[in-house]
Amino acid sequence: MWTCFILLSSLAFATFAANPRTPVDVPFGRNYVPTWAYDHIKYLNGGSEIQLNLDKYTGTGFQSKGSYLFGHFSMYIKMVPGDSAGTVTAFYLSSQNAEHDEIDFEFLGNRTGQPYILQTNVFTGGKGDREQRIYLWFDPTTSYHRYSVLWNMVQIVFFVDDIPIRVFKNSNDLGIKYPFNQPMKIYNSLWNADDWATRGGLEKTDWSKAPFIATYKGFHIDGCEASVNAKFCDTQGKRWWDQPEFRDLDAAQWQRLRWVRQKYTIYNYCNDRKRYPQIPSECTRDRDI
């Protein structure tokens, strides 16, 4: 009897969590359009890849054609090689109002030979200040790696390739706002931020190394498209990312996340007692402490 109970419990847990579906690579023009400095975007292989160029005059960027409430979004990116200090390569979701929601990947450049820093952040109702920073376990400038966001009503998960590096749970019951009723566009950009990006602004961009080039491909979007003013997704509960198995990580995913936290995390706002004398309430639910 107990053997049967344990087996059934294991099967129930096994169906409770799963890896996101494999992204579908599409050309740039399927889902995205340039937003600024069009002449600093170069199209390769018929638009299946693009390069963003940053020089001393301007950076550049692009955004999704549609706005989305929940879904799975990913991008293959090859970061600026060599001396990239002062530069930021960004992949993020953001709504378009004053009390905006935002889900950020920001890749902070560094001097030659020093590792990139990946900073993530979550803004809800216009409030951010939830930075986490990690080193990557590979050189992100030599080949493409996939960076993804899974966003549903229960959780936001940041992935590097297939490894979860951060979870932000819906803690609305704890008084913590959660992004659920503001459609977001997806943005990508390469820009100069040498007032803060590298060693708090101590390392400045070396413009003799320009142009700085980041390369993108994949352009995967699998989301609930909604008008900018929509408050809910018309297909809520019917898409794959809404299903019970995507409401939590499975045991193997939690183990990988712990590995990232233990070996590669260099800053976590949950542990910053100077900024937060009391542990932010969502940190316990997110297993960040």
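This report describes the overall build of the protein and then a few of its residues.

The structure is a predicted model, in which local features need pLDDT of at least 70 and side-chain atom pairs count only at pLDDT 80 or more, while totals for chains, interfaces and linings use all residues. Residues are numbered from 1 along each chain as its sequence is written, and side-chain values use heavy atoms, with hydrogens and water left out.

## Overall build

The secondary structure comprises four helices and 15 strands, where helices (H or I, at least four residues) and strands (E, at least two) are DSSP runs numbered from the N terminus. Along the principal axes, the C-alpha trace spans about 70 × 40 × 35 Å. The radius of gyration of the protein is 19 Å, which agrees with the value near 19 Å that a compact globule of 289 residues would have; this radius is taken over C-alpha atoms, and the globule rule is 2.2 Å times the number of residues to the power 0.38.

Of the 289 residues, 54% are buried, a class that means under 20% relative accessible area, with exposed meaning over 50% and partly exposed in between (1.4 Å probe, protein chains only). The accessible surface amounts to about 13500 Å², and carbon and sulfur atoms account for 53% of that surface; the areas come from the Shrake-Rupley method with a 1.4 Å probe, and for residues only the protein chains shown count as cover. Among contacts (heavy atoms within 4.5 Å) between residues at least 6 apart in sequence, 69% join residues at least 24 apart.

As for charge, there are 32 positive and 31 negative side chains, and the centres of the two sets lie 2 Å apart. Lys and Arg count as positive and Asp and Glu as negative, with His and the chain ends not counted, and each charge is placed at NZ of Lys, CZ of Arg, CG of Asp or CD of Glu.

## The loop between S13 and S14

Thr-198 is found in the loop between strand S13 (185–192) and strand S14 (212–226), and with a relative accessible area of 2% Thr-198 is buried. Leaving aside neighbours within four places in sequence, Thr-198 is in contact with Ala-85, Gly-86, Gly-109, Asn-110 and Glu-203. Arg-199 is also placed in the loop between S13 and S14, but Arg-199 is exposed, at 54% relative accessible area, and has a positive phi of about 55° although it is not a glycine. Pro-211 lies in this loop too, and a cis peptide bond with omega of about 5° joins Ala-210 and Pro-211.

A positive phi, of about 60°, is found as well at Arg-287, which is not a glycine; Arg-287 lies in the segment after helix H4 (281–285) and is partly exposed, at 43% relative accessibility.

Trp-137 sits in the loop between strand S9 (132–135) and strand S10 (145–151) and is partly exposed, at 24% relative accessibility. Beyond neighbours within four places in sequence, the contacts of Trp-137 are Val-160, Ile-163, Ile-165, Trp-259, Val-260 and Tyr-264.

Val-154 is in the loop between S10 and strand S11 (155–160) and is partly exposed, with a relative accessible area of 30%. Not counting residues up to four places away in sequence, Val-154 touches Lys-169, Asn-170, Tyr-178 and Arg-247.

The table lists one pair for each of these two residues.

| Pair | Apart in sequence | C-alpha to C-alpha |
|---|---|---|
| Trp-137 and Pro-115 | 22 residues | 9.4 Å |
| Val-154 and Lys-169 | 15 residues | 6.0 Å |
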